[in-house]
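Please look through the structure below with its aromatic residues in mind. My notes follow it as numbered points.

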Amino acid sequence: MTPNNQWRDRFWLIVKYALIAFATAFLIRAFLLIPVPVSGNSMEGTLRQGDMVIIEKISPIRRFDVVVFQMPDGSTYIKRVIGMPGDAVKYEDDQLYINGEPVEEPFLVKNRNNDHETASYTNDFDLETLLGVEKLGKDSYFVIGDNRRASKDSRSFGPISGDAILGNARLVYYPLSHIRLI
């Protein structure tokens with residue numbers, strides 16, 4: 001094999017590997033790990049305005065996951081899942097009740113400690129008075145922002161469907177000083 005042929009073979013090998021790498025990166029970016037900017041302060045305490053998060057689409061949705069979803073008008077939101085399909089959700093005296101049982105929300109400790117007001121952090125409600133139903137539907141999720149007093153969420157627009165959920169927020173990757181798992 002002549003040196004010219006060797007160089008040409010190496011060149012095409014590098015081109016092939018580069019194309020495979022770009023195609024793989026594109027597929028991962030398009031279907032598995034998607035970057036999303038955080039806008040607004042409804043998740044303050046967990047996420048900040050301007051944070052960039054990576055969402056993944058593989059894991060099933062669980063209670064207290066931070067999810068990104070799209071509304072019918074095309075706007076994108078990031079909130080925390082509080083109620084799962086079939087759940088009865090209620091807040092009373094700042095306590096979350098799921099199906100009549102009290103449930104702790106450890107992710108709110110920082111927000112509650114920073115809040116010096118005496119009023120409740122999460123206003124009282126139940127699904128019956130809010131939506132006219134006792135339990136969430138088969139494919140319905142109740143989502144609320146961690147900054148309860150400044151969040152437009154299921155308390156105002158109702159539950160979201162599983163089809164509207166784009167994925168679970170897993171990682172803050174920008175700004176560099178905010179890098180962490182969610």
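This is a predicted model: local features need pLDDT of at least 70, side-chain atom pairs count only at pLDDT 80 or more; totals for chains, interfaces and linings use all residues.

1. Begin with the surface. Trp7, Phe11 and Trp12 make up a nonpolar patch there, and together they have about 380 Å² of accessible area. These three residues, Trp7, Phe11 and Trp12, also form one aromatic cluster.

2. Phe11 belongs to helix α1, which covers residues 3-32.

3. Next, the ring pairs. A search of the whole structure gives 8 aromatic pairs. One of them joins Tyr91 and Phe125, with ring centres 5.4 Å apart. The planes of these two rings are at 40 degrees, so the pair is classed as tilted, since stacked needs under 30 degrees and edge-to-face over 60.

4. Where do the two partners sit in the chain? Tyr91 is in strand β5 (residues 89-92) and Phe125 is in strand β8 (residues 125-126). They are 34 residues apart, and the pair links distant parts of the chain. Both Tyr91 and Phe125 are buried.

5. Last, charges over rings. Which residue lies over the face of Phe107? Arg80 does, at 3.8 Å from the ring centre. Lys90 is placed over the face of Tyr97, and here the distance to the ring centre is 5.9 Å.

Definitions and conventions:
Residues are numbered from 1 along each chain as its sequence is written. Side-chain values use heavy atoms; hydrogens and water are left out. Patches are made of residues with over 30% relative accessible area and no salt bridge: like charges are joined within 9 Å, nonpolar side chains (Val, Leu, Ile, Met, Phe, Trp, Tyr) within 5 Å. Accessible areas come from the Shrake-Rupley method with a 1.4 Å probe; for residues, only the protein chains shown count as cover. A salt bridge is a side-chain nitrogen of Lys or Arg within 4 Å of a carboxyl oxygen of Asp or Glu. Helices (H or I, at least four residues) and strands (E, at least two) are DSSP runs, numbered from the N terminus. Rings of Phe, Tyr and Trp (its six-membered ring) pair if their centres lie within 6.5 Å; planes under 30 degrees apart count as stacked, over 60 as edge-to-face and the rest as tilted. Buried means under 20% relative accessible area, exposed over 50%, partly exposed in between (1.4 Å probe, protein chains only). A charge sits over a ring if NZ of Lys or CZ of Arg is within 6 Å of the ring centre and within 35 degrees of the ring normal.
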